[in-house]
Amino acid sequence: MISGLHHYALEVPDLAVAEGFLQDFGLETGEKDGSLVALCPGRNQEQVRLVQAPHKRLHHVSFTLSPGTLDSVREALDRAATPVIEPPAGATEDGVWIRDPDGTPVQLLDEAPAPPRPAEEVLFNVGGSRQRIGVAQWTQATEDVLPRRLGHTLLFTAQPQQMTDFYTQVLGLRVSDRIKGLVTFLNSGPGDHHIFGFIASTHRGFHHASFEVPSIDAIAIGADRMRTRGREAGWGLGRHTIGSNFFHYNPDPWGSWIEWFSDIDQIDDCWVAGDWEVPPHLWGAPPPAAFLANQEPAS
Ligand SMILES: [Fe+2]
């Protein structure tokens, strides 16, 4: 069953524009089989794939499977009458390919995720903790600020319940929490509060992807970097309600979003999902009006 998010892929009209944007965000880019791929520095795993096409559109999502679960996934797919498909043009042929209830191609890889770049322990003098003694934090805070790993992605869907049923009952994800009538957050077991999820909309689409950085400083330094490179203002800094992570988002060149996060809740097998009526942010400015606009063509 799904053990984690491997990468996501978008169709975009201009790969050069995509490359500049992802580099400003802090990813390393390269060319693979005619597509643009982006990686986190120090992690040998494709995290984003961009395929040239007339319009920006979600192309596929890719997940890793827990060791030894491929056969049970195949059986669950059979039971759900979900056929295996050919890989879509622009994707790799690895793993098993299917379509989710929205028709989005999904790649299931029978492999372990690559380890992220190791991070130093971050010591804090907050609350009752006095962990950092004799060290001037401002001299350290900018040393390691780039994305370490892709953490999660959220998709728009017109059928959140069917999508949730498919990803939980067939592919083994679990519901972490919901924001009533709007957002469903899914986890793959102990670890990050969410690795995937859905935002209710009129049609399917890609909303955002989120990358872990080593600290809250790294988020703000990333936002500064985007600003100095002339990128449009985003949303943040803030702390989320569901998941509790610190966040900053920037709009991407195609009307969706990219996020840095730090300090996300870690859940265990005893986690109980809730149905919440809360705004997405605990503190910080409210989201811009365009934050929940699904700008992908409805098809
Ligand atoms: Fe997020």
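Trainee: Where is Asp 263 found?

Mentor: Asp 263 sits in the loop between S16 and S17. Helices (H or I, at least four residues) and strands (E, at least two) are DSSP runs, numbered from the N terminus. Residues, too, are numbered from 1 along each chain as its sequence is written. Keep in mind that this is a predicted model: local features need pLDDT of at least 70, side-chain atom pairs count only at pLDDT 80 or more, and totals for chains, interfaces and linings use all residues.

Trainee: Thanks! What is phi of Asp 263 near?

Mentor: Phi of Asp 263 is near 65 degrees, a positive value in a residue other than glycine. Most residues other than glycine have a negative phi, and most peptide bonds are trans. Ser 244 also has a phi near 65 degrees, again a positive value in a residue other than glycine. You'll find Ser 244 in the loop between S14 and strand S15 (246-251).

Trainee: Is Ser 244 exposed or partly exposed?

Mentor: Ser 244 is partly exposed, because 14 other C-beta atoms lie within 10 Å. The cut-offs are these: a residue is buried if 20 or more other C-beta atoms lie within 10 Å of its own, exposed if 12 or fewer, and partly exposed in between, with C-beta atoms placed from the backbone. Asp 263 is partly exposed as well, with 17 other C-beta atoms within 10 Å.

Trainee: And which peptide bond is cis?

Mentor: The bond from Gly 236 to Leu 237, where omega is near 0 degrees. Leu 237 belongs to strand S14.

Trainee: Let's zoom out. How many helices and strands does the chain have?

Mentor: Four helices and 19 strands. The radius of gyration is 19 Å, close to the 19 Å from the globule rule for 299 residues, so the chain is as compact as a globular protein of that length. That radius is taken over C-alpha atoms, and the rule is 2.2 Å times the number of residues to the power 0.38. Along the principal axes, the C-alpha atoms fill a box of roughly 60 × 45 × 35 Å. Buried residues make up 43% of the 299 residues.

Trainee: In what order do the ten strands of the open sheet come?

Mentor: The order is S18-S9-S10-S12-S8-S13-S16-S15-S14-S19, and the pairing is mixed. Strands S18 (275-276) and S19 (281-283) are the edges, each pairing on one side only. Two strands pair if DSSP finds at least two bridges between them. Inside that order, four bridges join S10 (residues 183-187) to S12 (residues 196-200), which run antiparallel. Val 183 stands opposite Ile 199 in S12 there.

Trainee: What about S5? How many of its nine residues are buried?

Mentor: Eight of the nine residues of S5 (residues 57-65) are buried, so the strand is largely enclosed by the rest of the structure. S5 pairs with S1 in the antiparallel sense over eight bridges, and Leu 10 stands opposite Leu 58 in S5. Four bridges also join S5 to strand S7 (residues 105-109), and these two run parallel. In that pairing, Val 61 faces Val 106 in S7.

Trainee: Which residues does Phe 63 touch?

Mentor: Not counting residues up to four places away in sequence, Phe 63 touches Ile 2, Gly 4, Leu 5, His 6, Leu 108 and Leu 109. A contact here has C-beta atoms, placed from the backbone, within 7 Å. Phe 63 is also among the residues with the most contacts inside the largest nonpolar core, which has 66 residues. Such a core is a set of buried Ala, Val, Leu, Ile, Met, Phe, Trp, Tyr and Cys residues joined through C-beta atoms within 7 Å. Its largest share, six residues, comes from S1.

Trainee: Last one: which residues are buried in helix H1?

Mentor: In H1 (residues 15-25), Ala 18, Phe 21, Leu 22 and Phe 25 are buried. Down the axis of H1 they fall within an arc of 95 degrees, so they line one face of the helix. The arc is that of the directions from the helix axis to the C-beta atoms. Among the elements covering these buried residues are strand S2 (28-32), strand S4 (46-52) and strand S16 (257-262). Just after H1, Gly 26 takes a positive phi of about 120 degrees.

Terms used
Contact = placed C-beta atoms within 7 Å.
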